Amino acid sequence: MGVEEQRAGKFYVERDVLDELCLDQVARRRTPSTTPPLKDRVKDSLRCSMPKLKRSVLSTLPVLSWLPRYSVRDNGLGDLISGISVGIMHLPQGMAYALLASVPPVFGLYTSFYPVLVYCILGTSRHISIGTFAVISIMIGSVTERLAPDSDFTFLNGTNGTGVLDVTARDAYRVQIAASTTVLSGLFQVLLGMVRFGFVVTYLSEPLVRGYTTGAATHVVISQLKYIFGIHPARFSGPLSQVYVNICRHLPETNIGTLVVSLVALVVLIVVKELNSCYEKKLPLPIPIELIVIVAATLISYYGNLNSQYDVAVVGEIPRGLKSPSLPDVSLWGTVVGDAFAVAIVGYAINISLGKTFGLKHGYKVDSNQELVALGLSNTVGGFFQCYSVTSSMSRSLIQESTGGRTQVAGVVSSVIVLITVLQLGSLFGELPKAVLSCIVFVNLKGMFKQYLDIPALWKSNTVDLLVWLVTLVCTILLNLDLGLAASIAFSLLTVIFRTQLPRYSILGQVPGTELYLDTDTYEEAKEIPGITIFRSSTTVYYTNAELYLDALQKKSGVDVGKLLTRKKKRDAKQKRKDKKEEKKAKKEAKKQIQAKPQFTPEQSNIQSLCQSKVNWAYEQQWTGLDLGSETGSHGDDAITQTSSTVGEETRGRSSDTHTIILDLSTASFVDTVTVIMLNNIFRDYREIDIDIYLAGCQVCVVEQLSRASFFSESIPKSRLFTTVHDAVLHSLQVQGASDVPIYECVPC
């Protein structure tokens, strides 16, 4: 059976009942510190000192904090091997993902060089690999193909009247669009980082990001099918574009040579990658099958004349050297502003999630705001060199970590590998079939499509997160990447609002022998204290659920305030009419007595007057006592016992003889104006039917907000607010004349 768990020890506490006023005295509440004026705060922020300057420089340029302490002996070999491994992966992925961005493959190599160097200087994560990524590439590709479709660069041949596509002009304009979008998205990221807006990524939950990347993978697959089959389908843009994809209609036009190349490349890539996964612990380095396939495919294509004999599409001429920097086309920013912002947010979300994962694993801090600035400057600088947007790649980052990379030096080494390729080896890949690059993209999507396994896992753990995942997937596929992201974020926020509007309301009972108060529906041993109702909501009460809170309070407590107030008003009106009738009757009797009054001596007259006044006083007290509750409004801490007939009539509107309701506000993190008004109304209405209301468990920030809203007054003093539910219960029982909490027999563990 195993060893029994050791039972926890016992503790005994004896203290006074603490309301908010007593707590301030016992705990010696600090006086709130006054915030310095804005002028002083601005002056202090502009004041410069050497320590402050050093902190600012090191936070802005993190490379200055780790590079002087870099140990070649400890980190040099690991960073070198890791950098070479990642650089080898950059080459095929850079060229393949360039096809997703609808730009020539060489620009994928540029994108794997410039931004990586910038991030090594400014980034705070030591293990992520910045560069091309499928999701960001397809987002850029959707912009370039929308603004520069093939139809805009097709003209009729004067000789035979056929349409001719000006590929050079089209590619040049698409590169310009991609660079302009990248610069704008980078500026968005830099500005957000400077205003410390790194928390914006918290609005992208993990189910949303995973559903979005899975939907984006679907876009990637559809966009690459034309290279796999060697067909040329028409492209549709805008919402529901994937519905109109007419791949099937063009399947009869499939290029057999291209299809054979694709199938062979896919089989080789999948088999070797699976071997890499199976023998991961035995292999010192994973087999660079992507680079091997590219080299082999290039040689076969070159010596087999696949392009000329079988019409297999190839990469084409790759120019040597680097491009000189150029200014982006600012006139395009108005058209691509929405796409650029979406790219900025998605790229940062992927980057920070990977960075923080590795940071937690290896025990260092990743600054979210600095990461936003670093990624933004990587995109901005890269955009001037005609690169497109970058973010971190899971596959390359895992290789960088597993092969011994410990610092950003590994990124510098990988950039050198890419630079050598661009300067000397790039032109050798001119005969590389595009179908091979598409196969590399397909194989690298394995991790994203494995995310479909989230569906059964989320079905078991959280159906709301599953709904967010599915809605995000559908919106991303049907509404394209930009509108799909916006719709997904909106839906995710709506689920949060709906969950706060539909909280769990509970009536709490005391666990015998303890000061614990738990939900009576969940725990059998939680017993309600007679006459006291303890009510709790599972979430913060604010304007969207304040009315629901009030309705649930009446339903759970069994006290119908409206009915009780109506009966009380009818009873008061009836009593008032009766008093007037008796008063008129008394006056008539007095007149009759005066008319039939015999003559008395002065001494006899005084005695008669004294007796009559005593009779009248007793008569008035008899009726005044019956209406005492309606005049005082609430017995509060000075409760007055009323006649049994009056109490019996009041309690007909509730399920039990409730004299106290305690509102447990321990789950509230703030109160707004609507909540304050609602609480005031609760105190007023329940006071009218002689039920005491107490608040319990309020956090300090909630108490301060109630004070600022002028909630506390003579009718609602701070003595109505208690530290715990147990304090409020003890106080209520003391007011009602009970000696202590009812004693229940303890249930053995």
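Trainee: Which residues of α19 are buried?

Mentor: The model is a predicted one, and in it helix α19 spans residues 434-444. A residue counts as buried when its relative accessible area is under 20%. Nine of the eleven residues in α19 are buried, so the helix is mostly covered. The buried residues are A435, V436, L437, S438, C439, I440, V441, V443 and N444.

Trainee: What covers the buried residues of α19?

Mentor: Contact here means heavy atoms within 4.5 Å. The cover includes elements from several parts of the numbering, among them α5 (72-100) and α20 (446-449). Also included are α10 (206-229), α12 (256-278) and α13 (289-304).

Trainee: Among contacts in the chain between residues at least 6 apart in sequence, what percentage join residues at least 24 apart?

Mentor: The chain has 30 helices and ten strands. Of its 749 residues, 45% count as buried. For contacts between residues at least 6 apart in sequence, the share that joins residues at least 24 apart is 81%.

Trainee: How far apart are the end C-alpha atoms of residues 466-498?

Mentor: An unreviewed UniProt entry annotates residues 466-498 as "transmembrane region", along with 256-272, 284-304 and 330-350. Residues 284-304 are 76% helix and 0% strand, with end C-alpha atoms 35 Å apart. Residues 466-498 are 100% helix and 0% strand, and the distance between their end C-alpha atoms is 15 Å.

Trainee: What percentage of the accessible surface of the chain belongs to carbon and sulfur atoms?

Mentor: The accessible surface of the chain comes to about 40,300 Å². The part of this surface that belongs to carbon and sulfur atoms is 61%.

Methods:
Residues numbered from 1 in each chain as written. Predicted model: local features only at pLDDT ≥ 70, side-chain atom pairs only at ≥ 80, totals over all residues. Heavy atoms only, no water. Buried < 20%, exposed > 50% of the residue type's maximum accessible area, 1.4 Å probe, protein only. Helix = DSSP H or I, 4+ residues; strand = E, 2+ residues; numbered from the N terminus. Areas by Shrake-Rupley, 256 points an atom, 1.4 Å probe, with all protein chains shown as cover. UniProt positions renumbered as here; feature names shortened; annotations may be inferred.
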